[in-house]
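Look at the sequence and the fold before reading on.

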Amino acid sequence: MTKARPEAEGQSDEAEEGPDGGWGWVLVGALFVSTSLVFGLMRSLGIFFVEFVQYFDESAQAISWISSTGLAAQQFFSPLGAALCNAYDTRLVVMTGGCLAGLGLILASQATCLTHLYLTMGLIAGLGWGLVFTPMVATVMAHFTRRRTLALGLAFSSIGLSSFAFNPLFQLLIEKYAWRGALLILGGLSLNIVPCGALIRPQQRSKAAKKIASESKPSHVSLLQRVSSHLELSLLFERPYITYTLAITLLNVGYFVPYFHLVAHSRQAGFSEYQAAFIMSAAGATDILGRVVSGWFSDLGHFRLIHLLSAWTTLAGVFIMLLPVSSLSGSYSALMLISLLYGFCSGALTSLVFAVVPMIVGVERVMGGLGLLQLIESGAGLLGAPLSGFLKDVTGNYIASFIMAGSFPILGTLTMATLPHYFSCKDPPAPQRESPDDKEKSSHPELEQMNSLPSDTSH
């Protein structure tokens, strides 16, 4: 009986390190479906943009707040999802998020004013998306080590695949059932996230969280300690994490603008509804290719992940700036080419954004690190589309909007260049979580030295 416990602990530790296979590939499939119903659906909401402008007779800026509110809510509530997973069961949290996402879209189909859409498509659906995405990503990352980027690339390829399929599908649903019927169908489709969450197996909590829970006292200090542990608030005092989060926040300001306004820009340039929708679908196709190729190439180890992320981010910013320029001559093929290149680069950088996080915070703090990252960048997601819509209302076209959006990813690359050891050819060792026992030892160095004296003298 005494030997069985170390073996069980060794197996749990091995599972935490990641077996690069087994049930992890099942979870990759679950993440594949759930991300398509979160970000794939979110990217395709631009099809509803024109319908909302015509139905509610509001400005582009006011309509842009619908999608921006949903994106910001998803990111804002990500730390809540991470904390609930650290404290309770990840499976239950994800399944609850799927129910909220479906409920938000179903209620949105009955909206009579923009405020209703802000609350349903924005707040309620965004809350559900926040409880789904970060826990699913962290669960998959915990099951892989060597092939982590490839696993994320394969799972995130569903975003491009769903963008390719959803844009014509949503256009068809709007024509057959109007925008209310289309949203009702999307709400039912989003409920498929629930069985994806049911595939998550219960995981053991970290040793630090267990000790904090076992030593809980009915005091405010103990409560704050538990909240801080579940949210991983100590990361906010670490310079590498803050620098990286700022870089991704700048990237996020302009990243989603083409998905919200490229269809409307194409319509304004004189192309038909289906031509405009097909541009987004084509960009979604190269997005798929970019995610898989980037994941495969990154795991070869020829270059550091942070350097590859910087390269893809810079290229994505450049191609966003070129999107309106290519359509000035009225050339559909030029606009299509730039959209294809943007789709590839935007897909290539996505899995790297998450794969770099364990190298900065360590594998044990990935759940909290991802949650706080999503929270901090939520303001950027809230700012990007309305700022783009404001520039369109002022100038009358989307040229200034896309130039503004493309400049922010380039600023993000410059910010990443200030990370410690950025110009080194090798990755620095990943930081490890300091356990409560280590903290006690470090706070009492005299006791640690006294305890070591008998062993030194006997030696």
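## A salt bridge inside a helix

With which residue does R291 form a salt bridge? The partner is D287, and the closest N and O atoms are 2.3 Å apart. Keep in mind that this is a predicted model.

Both residues belong to helix α14, which covers residues 273–298. They sit 4 residues apart, so about one helical turn separates them. R291 is buried, because its relative accessibility is 1% and the cut-off for buried is under 20%. D287 is buried too, with a relative accessible area of 0%.

## A salt bridge across the chain

The count of salt bridges comes to 2. R365 pairs with E238, and here the closest N and O atoms are 3.0 Å apart. This pair links distant parts of the chain, 127 residues apart. R365 lies in the loop between α17 (357–361) and α18 (366–376). E238 lies in the loop between α11 and α12.

Are R365 and E238 buried or partly exposed? R365 is buried, at a relative accessible area of 7%. E238 is partly exposed, at 24%.

## The nonpolar cores

In soluble globular proteins, nonpolar side chains tend to be buried together. The largest nonpolar core in this model has 112 residues. F48, F52, Y244 and L309 have the most contacts inside that core.

Take F48 and leave aside residues up to four places away in sequence. What does F48 touch? Its contacts are F170, I174, W179, A182, L183 and L186.

L236, F237, I242 and I376 make a nonpolar patch of about 380 Å². L236 sits in the loop between α11 (220–231) and α12 (239–255).

Is L236 buried or partly exposed? L236 is partly exposed, with a relative accessible area of 35%. Patch residues need over 30% relative accessible area, so L236 passes that cut-off.

A disulfide is a covalent bond between the sulfur atoms of two cysteines. How many disulfides does a search of the whole structure find? The search finds 0.

C85 is buried, with a relative accessible area of 6%. C345 also counts as buried, at 3% relative accessibility.

Note on methods:
Residues numbered from 1 in each chain as written. Predicted model: local features only at pLDDT ≥ 70, side-chain atom pairs only at ≥ 80, totals over all residues. Heavy atoms only, no water. Core = buried A, V, L, I, M, F, W, Y, C linked by side-chain atoms within 4.5 Å. Buried < 20%, exposed > 50% of the residue type's maximum accessible area, 1.4 Å probe, protein only. Contact = heavy atoms within 4.5 Å. Patch = residues over 30% accessible without salt bridge, like charges linked within 9 Å, V, L, I, M, F, W, Y side chains within 5 Å. Areas by Shrake-Rupley, 256 points an atom, 1.4 Å probe, with all protein chains shown as cover. Salt bridge = Lys/Arg side-chain N within 4 Å of Asp/Glu carboxyl O. Helix = DSSP H or I, 4+ residues; strand = E, 2+ residues; numbered from the N terminus. Disulfide = S-S within 2.5 Å.
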